[in-house]
Amino acid sequence: MADRKVLLVTGGGRGIGAAVVRLAAARGFDVAFTYAGNAARAAETEAAAKAAGATVLALKADVADPKAVAATFAAVDQRFGRLDALVNNAGITGPKATLQESTDAIWEQVLRTNVLGLVACCREALARLPQGGGIVNVSSRASALGGGGEWIHYAASKGAVDTLTIGLAKEAAAQGVRVNAVNPGLIETELHAAAGMPDRVARMSAAVPLARGGSAEEVAEAVLWLLSDGASYITGALVPVSGGR
Ligand code: NAP
């Protein structure tokens with residue numbers, strides 16, 4: 001359908017990004033999304049979004065690679081000819097490590113992916129987004145909690161995402177584009193196992209005021225709301241989706 005808005009989601013193959021892709025499709029967006037390498041899971045997400053009525057473009061593209069980012073936006077231009085919204089979701093924690101245990105290589109990989117990749121996507125998006133367009137950055141409650149003893153490098157990268165969100169909201173307002181972030185808490189995805197802590201959400205749930213981990217779908221609801229007209233006076237906001245933690 002010609003009047004469907006187009007959303008690009010980075011890291012949309014699994015987890016929170018996939019929930020955003022599926023919910024956006026159900027809410028009337030056509031969707032492009034990237035993934036790092038898991039083609040099977042990306043195909044499942046693509047099929048689900050198509051079943052919801054969306055035209056979908058799934059692209060294998062490492063957000064940490066500037067050439068891949070440029071190619072992603074070029075592919076969106078070619079397929080859809082428009083871009084209305086961007087969700088910067090792709091992110092990695094790196095391994096569990098204290099500051100003393102962490103290496104420069106860990107810091108570089110996490111910052112290149114979570115910060116520089118996001119910056120590159122924001123640049124490309126802002127060159128395209130129309131008046132009324134929106135960006136939502138998927139940050140983390142780790143930015144405020146600090147990640148000490150777990151993944152201080154990851155928390156610091158999300159601190160940069162929060163600050164960039166506040167600053168970019170001021171710059172992008174001039175072109176009528178809103179920029180916000182969500183700060184998820186403990187969310188049930190495969191991210192924790194990837195960092196070597198598969199029981200992390202269950203183990204830490206008791207410390208969450210709402211006494212449970214959250215779902216990717218609960219984060220997606222907040223993201224889609226921030227992109228909607230219902231949030232038309234909200235920009236530069238950091239929205240916790242964390243059960244009170
Ligand atoms: P996830 O389950 O590990 O999924 C990550 C997704 O991002 C996958 O689709 C993956 O692709 C893709 N991805 C990873 N690195 C990428 C790269 N370099 N380029 C492009 N795509 C890449 O993670 P998640 O839990 O959904 O996390 C999504 C976002 O939420 C991240 O920014 C994370 O920091 C944030 N967050 C998560 C939690 C949580 O508790 N889960 C809490 C706070 C914040 P493949 O499928 O191909 O591997």
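Salt bridges, counted here where a side-chain nitrogen of Lys or Arg lies within 4 Å of a carboxyl oxygen of Asp or Glu, number 13 in this structure. The model is a predicted one, in which local features need pLDDT of at least 70 and side-chain atom pairs count only at pLDDT 80 or more, while totals for chains, interfaces and linings use all residues. Residues are numbered from 1 along each chain as its sequence is written, and side-chain values use heavy atoms, with hydrogens and water left out.

One of the salt bridges joins Arg22 to Glu217, with 3.2 Å between the closest N and O atoms. This pair connects distant parts of the chain, since Arg22 belongs to helix H1 and Glu217 to helix H9 (residues 216–227), 195 residues apart; helices are DSSP runs of H or I with at least four residues, numbered from the N terminus.

Turning to the ligand, 30 residues surround it, the closest being Gly37, Asn38, Asn89, Tyr154 and Thr189, where a residue is near if one of its heavy atoms lies within 4 Å. This shell divides into 13 nonpolar, 13 polar and four charged residues, with Gly among the polar ones.

Polar contacts, pairs of N or O atoms within 3.5 Å, include a backbone N or O atom of Asn89 at 2.7 Å from a ligand oxygen and a side-chain N or O atom of His192 at 3.1 Å from an oxygen atom of the ligand. Helix H1 (15–26), helix H6 (152–172) and helix H7 (191–194) are the elements that each give two or more residues to the shell.

Notes:
Polar contact = N/O pair within 3.5 Å; in protein donor to acceptor, adjacent residues only side chain to side chain.
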